[in-house]
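Here are my notes on this one, jotted down while going through the model. Have a look at the structure first, then run through the points below.

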Amino acid sequence: MTVRWRTSSAGTNDRSFRVRVLRVFWNAIVFGVALFLTACDGIQSSLEPAGREAEQIARLFWWMTAGAVVVWIAVVGLGIYAVQTQSATARRSMFMVVGGGAVVPTFVLGVLLVYGLWMLPGLTAATPEGSRRIYVSGEQWWWRVRYEWTEGEQRELISLANEVRLPVGEPVEFILESSNVIHSFWIPSLGGKRDLIPGRVTRLTLTPTRTGTFRGACAEYCGVSHALMSFYVIVTEKEEFSRWLENQRAPARPPETEPERRGQEQFLANGCGACHAIRGTPAAGAIGPDLTHVGSRLSLSAGILTNEPTAFRQWIAHPGQVKPGAQMPSFAMLPDESQEALAAYLESLK
């Protein structure tokens, strides 16, 4: 009687253990699928490519994911087989271990390695001769962006900040540098990342394949406000891009309303021009972002604030609260009407 009770209990425990193993197996599948679906789209998704380089990276990612699934199924299947099989011979067990635990993973990973190495030359190929160049410098914690403009023998660098615009279907070479710490320039929807290393110049080529608005970020920890160092990327048709660049090359338009005129006076009187440049005015600072056409950008403070007068006031009065460690001093001591005038003037710089 006692023996039969123990046998029955052991069988029940075995069945219960197998049920738990299968439940964990299916829960892992459901969790993995849900995890993938949460990152498949959006303006900062590498799984919804909008550039030639990003398409290659995404294709490699999906092939590697498929390979990982094959390896995972082989290993987990081996584990389930071991749990459910109670009277297998040693030869069969050895065949399953070698096949599911060694041969299948080695073959799959070898194929993925060859495929990845085959793709590598396409991702590191030289930029085509005559491609557009954009110079990007990583600051703390924002992006200095300069466009190369040429006409015949004339060459000019047009300074902007915290926003990148690109023509669709055209390869663009980014010249990347940093004068402070290591940053990393990354636009997931358009391609891979590239580090900005003090004392070195690195390069990255991207070719947008469709228009739209995307988001980039610093992908290397660079200090207290690293997470607040992002930027928007707008890809447009070539004609629209040419008109935009010509407008960015022009000096700032003069103030037209009384609040804008008072805002310009406040800007110059409070020493803002020592750090910021506004072309067409005495402000010629080179420490902070160029503000010549700041009102035309999608965001303020490197993608943190929306571009509107209230956000300008918030940044002017409390930059350290918006972005800890920001080098810009606070102007909270200015009267409210002066802050409003400054915000109105900066917002008008389209």
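1. Trp141 sits in the loop between strand S1 (132–138) and strand S2 (143–151). For the labels here, helices (H or I, at least four residues) and strands (E, at least two) are DSSP runs, numbered from the N terminus. The peptide bond leading from Gln140 into Trp141 is cis, with omega near 0°.

2. A word on provenance. This is a predicted model, where local features need pLDDT of at least 70 and side-chain atom pairs count only at pLDDT 80 or more, while totals for chains, interfaces and linings use all residues. Residues are numbered from 1 along each chain as its sequence is written, and side-chain values use heavy atoms, with hydrogens and water left out.

3. The overall tally: the protein chain has eight helices and 12 strands. Of its 350 residues, 40% are buried (buried means under 20% relative accessible area, exposed over 50%, partly exposed in between, with a 1.4 Å probe and protein chains only). Taking contacts (heavy atoms within 4.5 Å) with a separation of 6 or more, 62% are between residues 24 or more positions apart. The chain exposes about 19,000 Å², and carbon and sulfur atoms supply 61% of that; the areas come from the Shrake-Rupley method with a 1.4 Å probe, and for residues only the protein chains shown count as cover.

4. Met229 is in the loop between strand S9 (212–218) and strand S10 (230–236), and counts as buried at 1% relative accessibility. Met229 and Trp142 are 87 residues apart along the chain, yet their C-alpha atoms are separated by 5.6 Å. Leaving aside residues up to four places away in sequence, Met229 touches, among others, Trp141, Trp142 and Trp143, along with His183, Cys218, Cys222 and Ala302.

5. Two backbone angles to check by eye. Asn162 has phi near 60°, a positive value in a residue other than glycine; its place is the loop between S3 and strand S4 (163–167), and at 8% relative accessibility Asn162 is buried. Ser301 also isn't a glycine but has a positive phi of about 55°. Ser301 belongs to the loop between S11 and strand S12 (305–306) and is buried, with a relative accessible area of 12%.

6. On to charges. Side chains of opposite charge can pair when their charged atoms come close. The structure holds 17 salt bridges (a side-chain nitrogen of Lys or Arg within 4 Å of a carboxyl oxygen of Asp or Glu). One of them joins Glu156 and Arg249 at 2.9 Å, N to O. Glu156 lies in strand S3 (residues 154–161) and Arg249 in helix H4 (residues 238–249), so this pair ties together parts that are 93 residues apart in sequence. Glu156 is partly exposed, with a relative accessible area of 24%, and Arg249 is partly exposed with a value of 24%.

7. Another pair is Glu260 with Arg253, whose closest N and O atoms are 3.7 Å apart. Glu260 is buried at 10% relative accessible area, whereas Arg253 is partly exposed at 29%. Then there is Asp290 with Arg279, at 3.4 Å between the closest N and O atoms. Both lie in the loop between helix H5 (258–269) and strand S11 (299–300), so the pair ties together parts 11 residues apart in sequence. Asp290 counts as buried at 10%, and Arg279 as partly exposed at 23%. Salt bridges with shared partners also join Arg133, Glu173 and Arg203 into one network.

8. That H5–S11 loop also holds Gly285, which is buried at 11% relative accessibility. Gly285 and Cys275 are 10 residues apart in sequence, with their C-alpha atoms 4.1 Å apart in space. Beyond residues up to four places away in sequence, Gly285 touches Gly273, Ala274, Cys275, His276 and Ala277.

9. Last, a helix pair. The axes of H5 and helix H8 (residues 336–347) come within 7 Å and cross at roughly 100°. Axes here are lines fitted to C-alpha atoms, for helices over the stretch in contact, and angles run from 0 to 180 degrees between N-to-C directions. That makes H5 roughly perpendicular to H8 (under 35 degrees counts as roughly parallel, over 145 as roughly antiparallel, 65 to 115 as roughly perpendicular, the rest as oblique). Residues in the contact include Pro259, Glu260 and Phe267 from H5, and Glu337, Leu342 and Tyr345 from H8.
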